[in-house]
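Visitor: I would like to learn how to read a model of this kind, feature by feature. Could we go slowly and take one residue or pair at a time?

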Amino acid sequence: QVQLVESGGGLVQDVGSLRLSCAASGDIVSINTMGWYRQAPGQQRDLVATITSGGSPKYADSVKGRFSISRDNAENKVYLQMNSLKPEDTAVYYCNADIKTSVGYGMYYWGKGTLVTVSS
């Protein structure tokens with residue numbers, strides 16, 4: 001069993017900052033790409049940012065220059081630093097990770113999400 005648990009969401013004012021954290025635990029042999037996705041009410045779930053095991057990040061155009069993704073491979077954690085937040089960033093943010101378990105193959109796991117609300 002593998003679990004991803006997000007934390008750090010909440011209510012923040014326009015142009016404020018938040019830092020999201022996600023911790024992976026359980027039967028983990030190795031973790032490849034980790035990432036953050038978000039889903040606003042009535043919208044599809046969209047990519048926010050990903051980071052490879054080697055630390056190479058990728059961002060959605062809408063968050064470039066404002067958000068920064070990082071990870072701690074020793075702790076099996078991924079972070080999302082969100083600056084200059086806008087009301088349109090309001091969404092449930094989900095952690096995602098490509099994890100290889102003792103079964104022998106990798107698959108993608110999701111956390112349950114953490115709500116970020118940006119007030120204008």
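Guide: Let us begin with Ile31, which is found in strand 4, the run of residues 30–39. Please keep in mind throughout that this is a predicted model.

Visitor: Is Ile31 buried or exposed, and how does one decide?

Guide: The general idea is a cut-off on relative accessible area, with buried meaning under 20% and exposed meaning over 50%. Ile31 has a relative accessible area of 11%, and it is therefore buried.

Visitor: Which residues does Ile31 touch, if residues up to four places away in sequence are not counted?

Guide: With those sequence neighbours set aside, Ile31 touches Ala24, Ser53, Arg71, Asn76, Ala97, Asp98 and Ile99.

Visitor: Where does Met107 lie, and is it buried, partly exposed or exposed?

Guide: Met107 lies in strand 10, residues 106–110. Its relative accessible area is 37%, so Met107 counts as partly exposed. Together with Val103 and Tyr105, Met107 makes a nonpolar surface patch of about 320 Å².

Visitor: Let us turn to covalent links. How many disulfides does a search of the whole structure find?

Guide: The search finds one disulfide, and it joins Cys22 to Cys95 with an S to S distance of 2.1 Å. The pair links distant parts of the chain, since Cys22 is in strand 3 (residues 18–26) and Cys95 is in strand 9 (residues 91–100), 73 residues apart. Cys22 and Cys95 are both buried, and the link between them is left-handed, with -80 degrees about the S-S bond.

Visitor: Which residue does Arg38 meet in a salt bridge?

Guide: The side chain of Arg38 meets that of Asp89, at 2.9 Å from N to O. This pair links distant parts of the chain, with Arg38 in strand 4 and Asp89 in the loop between strand 8 and strand 9, 51 residues apart. Arg38 and Asp89 are both buried, and for Asp89 the relative accessible area is 1%.

Visitor: What else does Asp89 touch, again leaving out residues up to four places away in sequence?

Guide: Besides Arg38, the residues that Asp89 touches are Arg66, Phe67, Ser84, Val116 and Val118. With Arg66, Asp89 forms a salt bridge in which the closest N and O atoms are 2.7 Å apart. Asp89 lies in the loop between strand 8 and strand 9, and Arg66 in the loop between strand 6 (57–59) and strand 7 (67–72), so the pair ties together parts that are 23 residues apart in sequence. Arg66 counts as buried because its relative accessibility is 12%. Salt bridges that share partners join Arg38, Arg66 and Asp89 into one network.

Visitor: With which residue does Asp61 form a salt bridge, and is Asp61 buried or exposed?

Guide: Asp61 forms a salt bridge with Lys64, where the closest N and O atoms are 3.1 Å apart. Asp61 has a relative accessible area of 64% and is therefore exposed, whereas Arg38 and Asp89 are both buried.

Methods. Residues numbered from 1 in each chain as written. Predicted model: local features only at pLDDT ≥ 70, side-chain atom pairs only at ≥ 80, totals over all residues. Heavy atoms only, no water. Disulfide = S-S within 2.5 Å. Helix = DSSP H or I, 4+ residues; strand = E, 2+ residues; numbered from the N terminus. Buried < 20%, exposed > 50% of the residue type's maximum accessible area, 1.4 Å probe, protein only. Contact = heavy atoms within 4.5 Å. Patch = residues over 30% accessible without salt bridge, like charges linked within 9 Å, V, L, I, M, F, W, Y side chains within 5 Å. Areas by Shrake-Rupley, 256 points an atom, 1.4 Å probe, with all protein chains shown as cover. Salt bridge = Lys/Arg side-chain N within 4 Å of Asp/Glu carboxyl O.
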